[in-house]
Amino acid sequence: MNSAAPLSNSQKNSFKVSAHNWPYPFWIAHRGAGKLAPENTLAAFRLGASYGYTMFECDVKLSLDEQAFLLHDDTLERTSNGQGVGGNLNLSQLIQLDAGSWHSRTYAGEPLATLNAVSAFCQKNDFFINLEIKPSPNLDFKTGELVGLMAMQMWQDCAIPPFLSSFQIDALRGAQKTAPNLPRGLLLEHLNDDWLGMAKELECCAVICDHEFWTEQAIHLAKANGFKTLSYTPNTLDAVQRLIDFGIEGIITDRVDLFSAAKPIKT
Ligand code: G3P
Ligand code: MG
């Protein structure tokens, strides 16, 4: 069990995450359980947990009435029986949707997950969470502000805070404003010209890059500048071993069935 259990008032929010004070496990289950269950649903979290995973990445955005829910795409079609932009519906409409049938009959009727439900599930089970802030179009700053605020409130009784990340600079700026004490990670599709400067400006504690683009030199540079180094979404032994050889410190994978969360491969 990790140390995310409820604390006394005097202990609340006392843990300051940094690269040198990193409370999260090495293995993180992408969207709950990768492709083995419908992404970003509690069913996926449960399946990931059944493989021993204790930390989950998920994609969070705002409903029309500014509540937080889980959805990767801007639109609902691929991963639910809904239509159109997810952020154009109120939460009361979103929770009526079937977010499981698209995947398989096993998961028919699985509801779209709210951030509130994710928070309850993780806290009851002492699980860690990586909330990727995934704004609907033109809502980057506001989504960061509100998801940061909600995450801070929902996890206020936990020793270990939720880890926030985003590709969207303005989303991270929003979270930095409303929830400055929650740890932030800068997500990168590749190592752009200003990744290090941007991670510093946003006061991130981690940089999370697409696994194909991390180099050994960049990992050393990030570490030398005080950042934890994570990667998404390596799904093969070779890809994971390459990163481990470079010194990677955390992996977000779909293959919860291939990589044991309890027994990391050779490091
Ligand atoms: O947070 C890591 C990873 O989830 C980023 O990419 O598109 O799968 O959300 P994506
Ligand atoms: Mg994601």
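Reader: How many cavities of 30 Å³ or more does the structure hold?
Author: The structure, which is a predicted model, holds two cavities of 30 Å³ or more. A cavity is a set of points, on a 1 Å grid over the protein atoms alone, where a 1.4 Å probe fits but cannot get out, and lining residues have an atom within 4 Å of a point. A volume is the space filled by probe spheres set on the points, which are joined across faces, edges and corners.

Reader: And how much space lies in the largest cavity, and which residues line it?
Author: About 60 Å³ of space lies in the largest cavity, and among the residues that line it are Glu39, Asn40, Thr41, His72 and Leu112. The lining divides into five nonpolar, four polar and one charged, where Ala, Val, Leu, Ile, Met, Phe, Trp, Tyr, Cys and Pro count as nonpolar, Asp, Glu, Lys and Arg as charged, and the others, Gly among them, as polar.

Reader: What about the largest pocket, how much space lies there?
Author: About 170 Å³, a pocket being an open set with protein on both sides within 12 Å along at least five of seven lines. The largest pocket is lined by 14 residues, of which Lys16, Val17, Glu203, Cys204 and Cys205 lie nearest its centre.

Reader: Switching to the metal: which residues coordinate the magnesium ion?
Author: The magnesium ion (ligand 2) is coordinated by Glu57 (OE), Asp59 (OD) and Glu132 (OE), at 2.0 to 2.1 Å. Donors are N, O and S atoms within 2.8 Å of the metal (3.2 Å for Na, K and Ca), and since water is not among the atoms, sites may look incomplete.

Reader: Are Glu57 and Asp59 buried or exposed?
Author: Both Glu57 and Asp59 are buried, meaning under 20% relative accessible area with a 1.4 Å probe and protein chains only.

Reader: Then ligand 1, which polar side-chain atoms lie by its oxygen atoms?
Author: A polar side-chain atom of Lys134 lies 2.7 Å from an oxygen atom of ligand 1, and one of Asp59 lies 3.2 Å from an oxygen atom of ligand 1; a polar contact is a pair of N or O atoms within 3.5 Å. The protein covers 90% of the 290 Å² of accessible area that ligand 1 has on its own, by the Shrake-Rupley method with a 1.4 Å probe.

Key
Residues are numbered from 1 along each chain as its sequence is written. Chains are lettered from A and ligands numbered from 1 in the order in which they are written. This is a predicted model: local features need pLDDT of at least 70, side-chain atom pairs count only at pLDDT 80 or more; totals for chains, interfaces and linings use all residues. Side-chain values use heavy atoms; hydrogens and water are left out. A polar contact is a pair of N or O atoms within 3.5 Å; within protein, one must be able to donate a hydrogen and the other to accept it, and residues adjacent in sequence count only if both atoms are side-chain atoms. Buried means under 20% relative accessible area, exposed over 50%, partly exposed in between (1.4 Å probe, protein chains only).
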